[in-house]
Amino acid sequence: MTAKFVRSTVSKYKFGAHMSGAGGVSNSVINAVSSGCNSFALFLKSPRKWISPQYTSEEIQKFKDNCVKYNYNPLTDILPHGQYFINLANPDPEKVEKSFESFLDDLNRCEQLGIGLYNLHPGSVLKGDHGIQLKQLASYLNKAIEKTNFVKILLENMAGTGNLVGSTLQDLHDVIEMIDDKSRIGVCIDTCHTFAAGYDISNKEAFDKFWKDFDEIVGFKYLAAIHLNDSKAPLGANRDLHERLGQGFLGLEVFRILAHYDHLREIPIVLETPYEKAEDYGPEIDLLEWLENIDDPTDKELLEKNEELQKIGTKSRKEQLSKFEAKEKAKAKIKTTRKRKAEKVEIGMDITSQLKSKKVKK
Ligand SMILES: [Zn+2]
Ligand SMILES: [Zn+2]
């Protein structure tokens with residue numbers, strides 16, 4: 001195998017990306033090393049099917065051998081991603097059982113491979129009661145933890161669409177609070193989701209404020225991974241639209257700040273930016289390792305690089321911004337019509353009560 005990108009041995013951070021495991025999970029390790037990843041993510045089975053064949057013992061051994069050969073510690077450097085349709089907060093009892101089966105199967109696969117971390121979207125309460133469904137989610141997590149031995153489940157924060165759980169820091173706190181074995185639960189913060197959910201992190205002051213809130217509400221001890229994405233949609237748009245670093249509404253400076261943030265050392269920092277092939281992540285990992293060495297936010301090369309990347313994303317940002325503004329306008333319109341209707345009712349009631357009082361006077 002010829003490595004296209006060389007893994008950094010000097011970076012203080014474990015920058016990596018989501019890798020394909022096509023043709024067998026052991027291939028994800030090879031893809032990771034050839035993209036220069038110091039950590040990586042993968043799907044443990046088809047992300048589109050409920051049931052996939054179990055691993056053969058040969059495949060498990062190959063995966064473990066590759067980890068040793070290419071120097072990845074599966075307990076700390078690999079963060080598999082759960083299937084998107086797993087929803088442990090679903091109020092439908094049949095559907096949630098199906099989700100749980102697939103989720104538990106994922107956790108068992110992690111343990112077969114010796115993987116120590118697993119990323120889960122906390123799901124959606126759909127039409128259920130938020131508090132009740134949060135309790136249900138926690139009880140399924142407790143059950144899964146009981147049935148497995150060591151893998152830590154990371155709840156990913158969400159972009160705030162619909163009734164998604166985990167779009168607020170409070171949700172993450174509330175679920176963790178209900179977990180019996182807290183050594184088996186953690187959090188993965190996705191930079192795109194954070195911003196889309198309305199938490200500004202786009203400048204140093206806002207970034208620091210977010211993490212201060214995070215520490216107060218959730219706690220740094222639970223922070224176990226980062227998903228690194230720029231955002232195609234503006235702040236608070238509640239859209240889960242990943243963008244390549246520097247081309248979205250976050251911009252390159254956020255990632256420079258991040259690449260200097262001490263709390264993010266030692267944990268997987270995984271890119272999920274829109275690329276087709278594993279090798280495409282190589283330059284973006286290089287970019288992060290370059291940012292790590294730029295201490296001055298006014299560095300000339302940095303500003304030039306940011307301008308170059310922002311330029312590429314201009315059209316897309318414009319489109320998303322006008323969509324967002326149109327949606328906000330529509331929302332505001334609904335609000336004013338509702339308000340007017342309410343006022344009319346009030347005025348109407350006034351007239352009736354006046355008439356009534358006149359009647360009484362007679
Ligand atoms: Zn993510
Ligand atoms: Zn996302």
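The model is predicted: local features need pLDDT of at least 70, side-chain atom pairs count only at pLDDT 80 or more, and totals for chains, interfaces and linings use all residues. Residues are numbered from 1 along each chain as its sequence is written, while chains are lettered from A and ligands numbered from 1 in the order in which they are written.

Strands of a sheet pair through backbone hydrogen bonds, either parallel or antiparallel. Here, seven strands form an open sheet with parallel pairing, in the order E2-E1-E9-E6-E5-E4-E3. Strands (E, at least two residues) and helices (H or I, at least four residues) are DSSP runs, numbered from the N terminus. Two strands pair if DSSP finds at least two bridges between them. Strands E2 (39-41) and E3 (117-120) stand at the edges; each has a single partner strand, so one side of each lacks a neighbour in the sheet. From one strand to the next, the twist averages 30°.

Strands E1 (residues 14-18) and E9 (residues 268-271) run parallel and are joined by four bridges. Phenylalanine 15 has isoleucine 269 in E9 as its bridge partner. Helix H9 (residues 281-291) lies across E1 and E9, at about 155° to E1. Axes are lines fitted to C-alpha atoms, for helices over the stretch in contact, and angles run from 0 to 180 degrees between N-to-C directions.

Two packed helices are described by the angle between their axes and the distance between the axes. Helices H1 (residues 26-34) and H2 (residues 57-69) cross at roughly 20°, with axes that come within 7 Å. H1 and H2 are therefore roughly parallel (angles under 35 degrees). Ser26, Val29 and Ile30 of H1 meet Glu59, Lys62, Phe63, Asn66 and Cys67 of H2. Contact requires C-beta atoms, placed from the backbone, within 7 Å.

Helices H5 (residues 169-177) and H7 (residues 204-217) pack at an angle of about 25°, and their axes are 9 Å apart. H5 and H7 are therefore also roughly parallel to each other. On the H5 side, the contact is made by Leu169, Gln170 and His173; on the H7 side, by Asp213, Phe214 and Ile217.

UniProt lists residues 32-286 as "domain: Xylose isomerase-like TIM barrel" in an unreviewed entry. Such positions are given in the numbering used here, feature names are shortened, and annotations may be inferred rather than shown by experiment. In the model, this span is 38% helix and 13% strand, and its end C-alpha atoms lie 14 Å apart.

Terms used: Angles under 35 degrees count as roughly parallel, over 145 as roughly antiparallel, 65 to 115 as roughly perpendicular and the rest as oblique. Two residues are in contact if their C-beta atoms, placed from the backbone, lie within 7 Å.
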